[in-house]
Amino acid sequence: MKWERLVSCAILILATLTGIIAFAYPFFTPTAAKGQFAMAHAQDAPIVALTLTLLCVVILVANVTSRQMSARTIAVLGVLSAVNAILRAIPGPGGFSAIFFLLVLCGYVYGSTFGFLVGVLSLLVSALIGGGVGPWLPYQMFTAGWMGLTSGWLPDLRRWRLAELLMLAVWTVLWGFIFGAIMNLWFWPYISPAQTALNQAWEAGLRLHEALRRYAVFYVATSLWWDAWRAAGNALLTLSLGVPLLKVLRRFERVLGFEVAPRV
């Protein structure tokens, strides 16, 4: 089991590094098409999406062949991804989407590997059923996957139900902002200074503190309001529906007789 867990961890690390490189390489590419942010990553997004999908297949195959996941686990993964994708299609005020609170609960209950897969597959399915397919999709898949992955790192507080609920609500608030902050990076290097006010654009050769200052201004001007709605909405859903949903998720595991491992 130790080796199987190491292999699973290695694949998750590889997927994460792939995502980091996909987000970061335009900052080191002087040929990034300034002023054409609407077409950011138009050339490489299909390759990134295919790579991420193949990595998810490898994760599933590795876990099934090593018996860390079963057919029942895969079935539950598919159902939860589909439910999450449908939740995303339900419109809310201020661009609010209900996709994240269930994703966080899945990662928390079933572990990082399961959470990563639910995050990636939820965004993929929701895009295919009407959420929109574009060069931004693989970056949304990576970011949602990281949300599910890191949710599996939270401490198990099931003995203290109120503390558990508050922890998960705070976590959804944090990820409401983190998701927006990460997603802005996929097109920020493509914005030219003429397209922004207050000197918000990234330019090659900037010192780190100046780049961070510009990005902070850019984030506040473009995303903060929308992310605040996302954070508040998902926290409210977690507080109101978290207890029964946690019971359902744990009942799935107990009644259907599947065990999700590793919980890395």
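Modeller: This is a predicted model, so local features need pLDDT of at least 70, side-chain atom pairs count only at pLDDT 80 or more, and totals for chains, interfaces and linings use all residues. Residues are numbered from 1 along each chain as its sequence is written, and side-chain values use heavy atoms, with hydrogens and water left out.

Biologist: At what angle do H3 and H4 pack?

Modeller: About 155°, with the axes of helix H3 (residues 71-89) and H4 8 Å apart. Axes are lines fitted to C-alpha atoms, for helices over the stretch in contact, and angles run from 0 to 180 degrees between N-to-C directions. That makes H3 roughly antiparallel to H4 (angles over 145 degrees count as roughly antiparallel).

Biologist: Which residues of H3 and H4 make the contact?

Modeller: From H3, Val76, Leu80, Val83, Asn84, Leu87 and Arg88; from H4, Ile99, Phe101, Leu102, Leu103, Cys106 and Tyr110. Contact means heavy atoms within 4.5 Å.

Biologist: New topic. How many helices and strands are in the protein chain?

Modeller: Nine helices and zero strands. Both are DSSP runs, numbered from the N terminus: helices are H or I with at least four residues, strands are E with at least two.

Biologist: Which residues touch the most other members of the largest nonpolar core?

Modeller: Phe23, Tyr108, Phe114, Phe116 and Leu168, out of 65 residues. Helix H4 (residues 99-110) supplies the largest share of this core, 11 residues. A nonpolar core is a set of buried Ala, Val, Leu, Ile, Met, Phe, Trp, Tyr and Cys residues joined through side-chain atoms within 4.5 Å.

Biologist: And Leu105, buried or exposed?

Modeller: Leu105, in helix H4, is buried because its relative accessibility is 0%. Buried means under 20% relative accessible area, exposed over 50%, partly exposed in between (1.4 Å probe, protein chains only).

Biologist: What does Leu105 touch?

Modeller: Not counting residues up to four places away in sequence, Leu105 touches Leu168, Gly242, Leu245, Leu246 and Leu249. The C-alpha atoms of Leu105 and Leu168 are separated by 7.6 Å, and these residues are 63 residues apart along the chain.

Key. Parallel < 35°, antiparallel > 145°, perpendicular 65-115°, else oblique.
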